[in-house]
Amino acid sequence: MQTTDPTGIFNRNKLSEEFSNVLPDEARLKLDAILLEIQTDFPEICYSLEYLNTKFRSFLTPQSTCGQKLESLFQAAAELTTAEAPKWEFIAARLLYFQFSFHLKQEEIRRELSDFYKKLVYLTRQNLYGSYILEHYSREELLLAETYLKAERNNLFTFSGLDLLLKRYVIRTHDHIPLESPQEMFLGIALHLAMNERNDRMLWVKKFYDMLSRLEVTMATPTLSNARKPYHQLSSCFIDTVPDSLEGIYRSIDNFAQVSKFGGGMGMYFGKVRASGSNIRGFEGAAGGVIRWIRLVNDTAVAVDQLGMRQGAVAVYLDVWHRDLPEFLQLRTNNGDDRMKAHDIFPAVCYPDLFWKMAKEDLDQNWYLMCPHEIFQAKGYHLEDYFGEEWERRYLDCVQDARISKRTVTLKDIIRLVLRSAAETGTPFTFNRDTVNRLNPNGHAGMIYCSNLCTEIAQNMQAIEEVSKEVQTTDGDTVVVTVTRPGEFVVCNLASLSLGHLPVTDTTYMEEIVSTAVRALDNVIDLNFYPTPYAKLTNQKYRSIGLGVSGYHHMLAKHGIIWESEEHLKFADTVFETINYAAILASTSLAEEKESYSLFNGSDWQSGAYFEKRDYHSEKWLALQKKVATQGMRNAYLLAVAPTSSTSIISGTTAGLDPILKRYFLEEKKGSMLPRVAPELSPATYWYYKNAHLIDQTYSIRACGVRQRHIDQAQSMNIYITNDFTMRQIFNLYLKAWEEGVKTIYYVRSKSLEVEECESCSS
C-alpha cells in the first residue's frame, strides 16, 4: 500500500503559483515552506496535496481576490477532514494560521510594532491592554518574555480550535482587526497571572505560558478573554442567596445584572423566599411567591446582554419541599399559563436524602410542601439552614405542626413533573444537598444551599443583609448611606487540566502541572476585577478555586479503556486521586509561602476530617494530612469540574467529563459544512469512542461517584437519554446517582433535544 505522495512537489508548486501574483514574495515563500512542512509531517497518501489542490480549485472563480483564495485554501483542507483522514483538521489549522499571520504582519508593519514591547505600548494606548502590565513589568522583562514565545505550538491547534480562538479570544481593534497572535495571547495572560509574584516572577510567567500554549491547561473563558485587558473580570460564575425581603430580592437581581454585564453567569438560591399565598406583615394570602420574582430574573437575563455577545445566564434553585415547587417545575415547559413561565432561566431542584429514601421505598407516599416564611414564624428557625438527620427531624416536626399550612402531593407527582420537564427541556438540574454538606470541608463556617449555573461549584453561602440606612450630611453635602452585612457571595475561579494531552500516569509530571495551575488560579483571586464588592470580600475570605478537567473521554480512548468497563472505574479512581493529592499539596505549599485562608482553623482540612471522610489512610496521605494541619491551606475549596465546551474546542479535546456525541459529524457554520472529528481518532482509538447516547448511563453515574470521592466540590455531569427511555428508567438513573454519592446532575440530554451549553463556565 502506497503511503507517500508521488505528486507532492508538482501540487505544491501549483498551489504556490496560484498566489504568485497576489502575495508578496516573502509571504509566498512562507506559504511554500508551510506546504512543504505539511508534506513532511503528514506523509500518508490520504493527506496528499493533490487532494488539497483539486478541492481548492473547485472553490475558485476568475474574480477571486487574494483574501478569498487564502480562505478557500484552508476551507478546502477543512472540508477534506473525514473519519478516515482526521488530520486534515490540523492541516487546515496551519493554512488558517498562515492567512491570519499574513494579515497580522501587515498590520504590525503599518503600525510600526516591531517587537512585543512596542505592541504592548500601542495596545495600552488604544485601551485594548490594561495599563497594569506596563506598570508592573520593565521593557527588559517584556523583551525577555518575548523569547518565551514558541510559534511551533500553533501546530497543536485543530482548525475548529484555532478558528474559535481567533474569532473570540485574541485582542482586536475597535474596528475588529486582530492585533494579537495566539501565542501572544497566552503570554499576555501569563504576564497578568504572574504579575504579583514576588519570587522568580519571570519563571512563573514562563510556566504559566508553557502550560497554556501546550494546551495542557485551559483557563476559563472569562480569564482567556479578559486577562490583560482593562476590564479584567476573570471569574466564570457567581452564586447569591436571595433573602426574603423586598430590598434583598431587588439587591440580588441588581447583583445578577452587574455580574451579567461583565460576562459572568449566576446561580441564585430562592429557597428562603416566601411562597405564593403566604402572609406579608400579617396579611394572609398577600405574597406573590417565587415565580413572580423569577420572571424578573428572567427579564434581567434578557435585558443585560453580555456586551452584545449573548444574553445573561442564570440557574435558579429551589428546595423540593418549597410550596411553589409544582409551578417552578413548569417554568420552561411549553404547556400551561405563559404568565407563569420563564423560558430563559435554568431551574434546579435541591433534594435532601429523605426525599430519595422515601422515593426508593414507595412513590405513592405523601410529600409535604411548605413555605419557609411560615416555618420561621411558627418554629423560629429556617429549615433550609440544616441538613442530614437534623434537617429530617425538623422537617418531620414541621409536618406535624398544624400552624404551618401544607400542600400535600405524592412523591410520584413530584417525580413525574421533574421527569417531564427533564425530558422536554433538559432541566431541572439536580443538587443533592445532604451529600454536598456532609462533605463540605468548611462546614464549621457555613451552609451550602445550592450550586452555580453549571452545577460544579459547592461553597459556603450566606444572604447579604441590610443593617441600616441613614441620611448623613458632610460639608453641606447630603447623602443616603446604606450599610449591609456582606454575607457570602460565591465566586467561581476555574481552570481545567486537558487530560487527553497529559501523561496522567506520570505522578511527578501531574504534580508539577497541577501545582502551576493551582498557583495561577490562586493569583486570579487577587488580580480580578469584581462586578460587586460582595464577590471580592467572599473571594478573598475563602480564596476558593475550581480546578477541573477536560478531555476525559479523550484520555480513556488514548489509554485503550472502554467506557462501560470496571477498568474505567479503577482508572478514574487512580487519576483523580493523583489530581486531588497534587492539588492539596500545591495549596498547602502555597499556604506556607503566602499564608492560609482566613477560616482554616476549625475546618475539615485542619482537623483531618477531610481525609477521614474520604478514607485516605495510606502512608502518603497521612503524611500530607500532617503537613496540611501544620502548614494550613491556601484555598478553602480546590476541585470542581466544569463543562468546558468552548475551551475544550480550543485545546482540541473532548468536553469536560462527557463522552463524545459522535466520532465524526458535520457542523454547519456560515453556510459551509465543517467536519468535526473525535480527538486523535485512529484505528487504535476508534472503538473506544462510543457515542454518548449509546452508552449505558449507569457506568457514567458510577464513574461520577468514584471521582466524587476525590473532588471536594462537584462535577458537571450530564445524563444522556433517547426516546426509548421510560420515565421509570430515567427515575432510576436519578436514584442511582444519589446512591453513588453524586452531588449534582447537570442536563438530561435527550437525543431529540438540543439544549444550550453554558459558556460562562466553559473553562
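This is a predicted model: local features need pLDDT of at least 70, side-chain atom pairs count only at pLDDT 80 or more; totals for chains, interfaces and linings use all residues.

**Entry 1: glycine 705**

I started with glycine 705 and skipped its neighbours within four places in sequence; what remains in contact with glycine 705 is Glu740 and Val742. Contact here means heavy atoms within 4.5 Å. Val742 sits 37 residues away along the chain, yet its C-alpha atom and that of glycine 705 are separated by 5.2 Å. Glycine 705 belongs to helix α29 (residues 697-708). Helices (H or I, at least four residues) and strands (E, at least two) are DSSP runs, numbered from the N terminus. Because its relative accessible area is 13%, I put glycine 705 down as buried. My cut-offs are under 20% relative accessible area for buried, over 50% for exposed, and partly exposed in between, with a 1.4 Å probe and protein chains only.

Residues are numbered from 1 along each chain as its sequence is written, and side-chain values use heavy atoms, with hydrogens and water left out.

**Entry 2: helix α6**

Is α6 enclosed or open? I found seven of its ten residues (116-125) buried, so the rest of the structure largely encloses α6. The buried ones are Phe116, Lys119, Leu120, Val121, Tyr122, Leu123 and Thr124. They pack against α5 (88-110), α7 (132-136), α8 (139-146) and α10 (182-193).

Then I checked the ends. At the N-terminal end, aspartate 115 is the cap, with a side-chain oxygen 3.1 Å from the backbone nitrogen of tyrosine 117. After α6 comes asparagine 127, which has a positive phi near 60°.

**Entry 3: α9 meets α10**

Next I looked at how α9 (residues 159-168) passes α10: their axes come within 11 Å and cross at roughly 65°. Axes are lines fitted to C-alpha atoms, for helices over the stretch in contact, and angles run from 0 to 180 degrees between N-to-C directions. Which residues make the contact? I listed Leu162, Leu165 and Leu166 from α9, plus Pro182, Met185 and Phe186 from α10. Sorted by class, that contact has six nonpolar, no polar and no charged residues. Nonpolar covers Ala, Val, Leu, Ile, Met, Phe, Trp, Tyr, Cys and Pro; charged covers Asp, Glu, Lys and Arg; the others, Gly among them, are polar.

**Entry 4: aspartate 210**

I found aspartate 210 in helix α11 (residues 201-213). It counts as buried because its relative accessible area is 8%. Its side chain and that of arginine 153 are joined by a polar contact of 2.9 Å. Such a contact is a pair of N or O atoms within 3.5 Å; within protein, one must be able to donate a hydrogen and the other to accept it, and residues adjacent in sequence count only if both atoms are side-chain atoms.

Most residues other than glycine have a negative phi, and most peptide bonds are trans. So I went looking for exceptions.

- Threonine 427 and proline 428 are joined by a cis peptide bond, with omega about 20°. Proline 428 is in the loop between α19 (411-425) and β8 (429-432).
- Threonine 455 has a positive phi of about 65°, and at 0% relative accessibility it counts as buried.
- Aspartate 615 has a positive phi near 55° and lies in the loop between α26 (609-613) and α27 (619-631).
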